[in-house]
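Here is a friendly walk through some local features of the model shown below. Have the structure open as you read.

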Amino acid sequence: MKLKALLKSSSFRLALIYLGLFASSALVLLGFIYWSTVSFTAYQMDNTIQSDITGLSEQYRLRGVNGIVDSITDRLQKDPDSSSVYLLTTPDFTPVTGNLTSWPQVNVSTDNWMNFQFYDERSGREFHARARLFILQEGFNLLVGRDIRDLKAIHQLLKRSMLWGLLIILGLGLFGGIIMSRSMMRRIELINQNSRDIIAGDLSKRIPLVRGGNDDIDQLANNLNHMLDEIEHLMTGIQQVSNNIAHDLRTPLTRMRNRLEQLQLGLTGTNPHKPIVQECIDDADQLLNTFAALLRIARIEAGGHSTKFSSVNLSELVNDAAELYEVLAEANGLEFIIEASAPIMIEGDRDLLFQALANLIDNAIKYTPTKGKITISSTKNEYYSEIIISDSGPGIPVAEHEKVSQRFYRLESSRNTPGSGLGLSLVKAVALLHRGKLLLAENSPGLIATLRFNA
């Protein structure tokens, strides 16, 4: 299955939409967790600092400044690797004791909190700290805080975890979307393949039930199969009616024609009724040809001719048909060009292919005006073989291209010109029998009719 088709499928787009919604929800959840964790750790740190200040304040109340100095010195000696930050200064900010060498040069907030960088003499590196200022009664400044390197590490860890978590969610979601889309695409492709076969004329095809679990796709397949059963029944009925009419009317028409011929033989050359009888014979011949064409199309569509398939050289077929119609084309003052030399072999029924090609050439000659041009060619590539007939006649409107191959369809609504509207129907039936198609295109002016057969 092509990746491009998979990425364009509606199931993959729905999976992407769901993935986007899920990823957005996960991002909101992870953001809330990050915000809650950061707020909680910051709150804990502020409480720890405030508790430290309360303890030192108690020492100041009991023993004055010396009590604070002794308490800070004792704490730093007992735990030299502590993350606590202390600094006691005189009113002019001269350091008295603590593990900071100078007063931080930062602004103090209205509630006496500050964030600053400090140099750690033990590690020789700068770190960040959060502290609170407490002013003693003698004007001494007491700064108590905590090194927030661990807090920042936690924050960075949370950010990385959120990023990786989001990437994993997106990766797994995308992978899951591809897997689900491939499964859905396989089921839809089965429907598409059978639909293409049905469009190509095989009305016996049905859509298989993939899972048999009566899910929505199987229900759709069931409904489509019921619809196809009804369509096949109706189409078979219509074809049977036309075939029965052709069978039932051909015999009495043949008898009537024979009687008209007998009547004509009994009329003298001066009898005024002789031309009228001839016109009746001609009309009967036209009706018999129409019925014969109907029955021929029915036999072709039934596939009975496929047993007669053999190797056919399309280039040789083109040359034989052109040789037959070249004299008629020249008589009508048309330029007749043949471009078929290299052998192009396909499996098919030569008589049916010749008849289809003859119908197309006959139409081109019939509708191309004097001094017009008709070109017949055969080509082949790795995908298909083609016979192309182009003319410089009036052409067929693009909107009518699909309709003209229907039985009895005529471009002329008045239907005054000779013909039954079955010529292109026969060509289409022959093409479908050979797993090919009839293609019509504009030639500006004129029409390009192509018989294309799969390689």
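## Helix α3

Helix α3 covers residues 65–78, where helices are DSSP runs of H or I with at least four residues, strands are runs of E with at least two, and both are numbered from the N terminus. Its 14 residues should span 20 Å at 1.5 Å a residue, and the end C-alpha atoms are 20 Å apart, so the two values agree. The expected span here is 1.5 Å times one less than the number of residues.

Within α3, Val65, Gly67, Ile68, Val69, Ser71 and Ile72 are buried. Buried means under 20% relative accessible area, exposed means over 50%, and partly exposed lies in between (1.4 Å probe, protein chains only).

## How to read the values

This is a predicted model, in which local features need pLDDT of at least 70 and side-chain atom pairs count only at pLDDT 80 or more, while totals for chains, interfaces and linings use all residues. Residues are numbered from 1 along each chain as its sequence is written, and side-chain values use heavy atoms, leaving out hydrogens and water.

## Aromatic pairs

How many aromatic pairs does the structure hold? There are two. Rings of Phe, Tyr and Trp (its six-membered ring) pair if their centres lie within 6.5 Å; planes under 30 degrees apart count as stacked, over 60 as edge-to-face and the rest as tilted. Phe32 and Trp35 make a tilted pair, at 6.1 Å centre to centre with 35° between the planes. Both belong to helix α2 (residues 10–63), and because they are three residues apart, about one helical turn separates them. Phe32 counts as exposed because its relative accessibility is 52%, and Trp35 is exposed too, at 56%.

Phe93 and Trp103 are also tilted, with 4.9 Å between centres and 50° between planes. This pair links distant parts of the chain, 10 residues apart: Phe93 is in the loop between β1 (84–89) and β2 (95–98), and Trp103 in the loop between β2 and β3 (113–120). Phe93 is partly exposed at 40%, whereas Trp103 is buried at 11%.

## A charge over a ring

Arg452 lies over the face of Tyr384, 4.0 Å from the ring centre. The criterion is NZ of Lys or CZ of Arg within 6 Å of the ring centre and within 35 degrees of the ring normal.

## Asn363

Asn363 sits in helix α8 (residues 350–367) and is partly exposed, with a relative accessible area of 22%. Its C-alpha atom is separated by 9.2 Å from that of Leu424, 61 residues apart along the chain.
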